[in-house]
Amino acid sequence: MMGVSSRMLILYNLTVRGLRMQSDRSSAQSLENKPAAGRLTGFCMDTLSTSYLEENNFMINGEEEEEEKDEEAEGAEDDSAVQREQRQAPCFYYHSPDKEVYHCVGQEIIIQGSTDSYAGMIWPAARALCHYLETHREQLSLLDKAVLEIGAGTGLLSIVAALLGAWVTATDLPDVLSKMRVNLSKNTRGHCRHTPQVAALSWGHDLEHTYPRSVYRYDYVLAADVVYHHDFLDELLVTMKHFCQPGTTLIWANKVRFPTDLTFTENFKKAFHTSLLVEDEEMKIFMATCRGEERESNHLPLSSEQVMDLKDEEDEKDEIENNDSRCGAAAANEDTTGEEHMKQPAEQQQTKPTWAPTVYTKCGKDIYHYVGQEIRISESIDYFGAVMWPAALALCSFLDTNRQRVDLQGKEVLELGAGTGLVAIVASLLGASVTATDLPEILSNLRCNVVRNTKDHCRHTPKVAVLSWGPDLEHTYPKSVYRYDYVLAADVVYHHGFLDELLVTMKHFCQPGTTLIWANKVRFQSDLTFTENFKKAFHTSLLFGDEEMKIFMATCRGEEREGDLVQG
């Protein structure tokens, strides 16, 4: 139940059979009173050879032949149990008291466990669900989906989901997060399209305050072995119902152990529309959606047709496709409909976008190459803003390969939501005088990245400053003082509740003579709504479009000759 390998199970079964055939029943009774770990260690080493000898002696005695047949039948049952374990579990290589090594999604996954809490151990339903996700990746495509795991524990399931291309948030109680964060960072850095997030989540009735439904929307909610003999089953069900909104699919894996499991399962079936994905004796995997869901399209994951509706100016699209740059061509293997996306092989779905750079990882840092320089970026998975997002990579590629079209030499540049600082670094290397801004908790990591990569390499030393979006900017950033040639923003639109404040901030800084360049990967319906409001607020043109990825250029309304601001 706690990550025991198939090989160890076979060894255990052999020793148990030898134990049954010993004539000294008192010895057997003594062994039964020992802890399970003692039976698997001391007994395996001390009595295994004796068990084989006694088995041979029993076989000589004709009176024991029937018992031997019974033992063979039990052995066959044990072998079938091992086969079930292998069907449910990912390939398991090595086990020690504090470390287990798995092989999923073509990668070795090293999990640091802990025996001082339930959450610090690998439970069988997590292995079963990992195996299911990996072997059904075409039916359940996690690529670029927003995924929440509740009760993530060691993080194995979140790691597998991230390796399958999902945008994962792994949650658990605060005292579990440290070990989980180590496992996630160690096993996903440099291997995933999206850096997984770690967040504290206590199940209960007050989630609307900490995780408001209007903000936190997910394509999938995953849960594995979260039902055991605890007193928070009602809170767990409330939490599942809170996050399983229209458009969300909940996948719950569980190994039945107690009568409370059956009671919870009945309540689960009453709360959701459910179907059984896997049933293998005690192990079950359910799929659920909220009751009353009639495919409410405004909350469903965006289809490719909805995303492609953003390309409303065909002349601009044709111009972009002819542009000789890394951002120029759409990926040939990308699908054009949601149905095709589900049918494509996984290898084809994960074709790297044309704007995505080759990334190396060294000493805990991701290494990128722009403007002829190696750029080392440190991330922090504690905050959304402190990890690398795809639109930042797309905007860096565009700026690097379109230097004449967007000439940053000697220009004053402001970046909103700078995050890790990659865009600000690239703009600085291209000759701009940059001010990178974000929330206070992001600045420490941002400042380290900017200083490390620009010192002695730039004409102008970039600045780092706090900026909170909202309507009071005239007090902290008066328009008469803070004027910029360019305002840059990448992946600042995601599932948060500050989109109105973001648009107000963009309008505040985008004065006459300023060019705003915004890069965004479309993920949610709110992205499309914001894009429409963005177009109403500014004169806009599409610089680049690659299915979900868009780069817009904007100037304030009423400004004449906006084209003069962009050369080429």
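User: In which sense does α6 cross α7, right-handed or left-handed?

Analyst: This is a predicted model. In it, α6 passes α7 in a right-handed crossing.

User: Why is α6 called roughly parallel to α7?

Analyst: Look at the angle. Helix α6 (residues 156–163) and helix α7 (residues 177–188) pack at about 30 degrees. Angles under 35 degrees count as roughly parallel, so α6 is roughly parallel to α7. Their axes lie 9 Å apart.

User: Which residues make the contact?

Analyst: From α6 come Ser158, Ile159, Ala162 and Leu163. From α7 come Asn183, Leu184, Asn187 and Thr188. By class, that contact has 4 nonpolar, 4 polar and no charged residues.

User: How do you know that β2 and β3 pair?

Analyst: Count the bridges. Pairing needs at least two bridges, and β2 (residues 99–104) and β3 (residues 107–112) have 6, so the strands pair. The sense is antiparallel. The hairpin has 2 residues between the strands, and valine 105 takes a positive phi near 50 degrees.

User: What makes residues 1–61 a stretch to read with care?

Analyst: The protein averages a pLDDT of 76, and 65% of the residues score at least 70. Over residues 1–61, though, the pLDDT is below 50. Where pLDDT is low, the predicted coordinates should not be read in detail. Residues 560–568 also stay under 50.

Notes: Residues numbered from 1 in each chain as written. Predicted model: local features only at pLDDT ≥ 70, side-chain atom pairs only at ≥ 80, totals over all residues. Heavy atoms only, no water. Helix = DSSP H or I, 4+ residues; strand = E, 2+ residues; numbered from the N terminus. Axes fitted to C-alpha atoms, helices over the stretch in contact; angles between N-to-C directions. Parallel < 35°, antiparallel > 145°, perpendicular 65-115°, else oblique. Left-handed = near helix turned anticlockwise from the far one by under 90°. Contact = heavy atoms within 4.5 Å. Nonpolar A, V, L, I, M, F, W, Y, C, P; charged D, E, K, R; others polar. pLDDT = per-residue confidence, 0-100.
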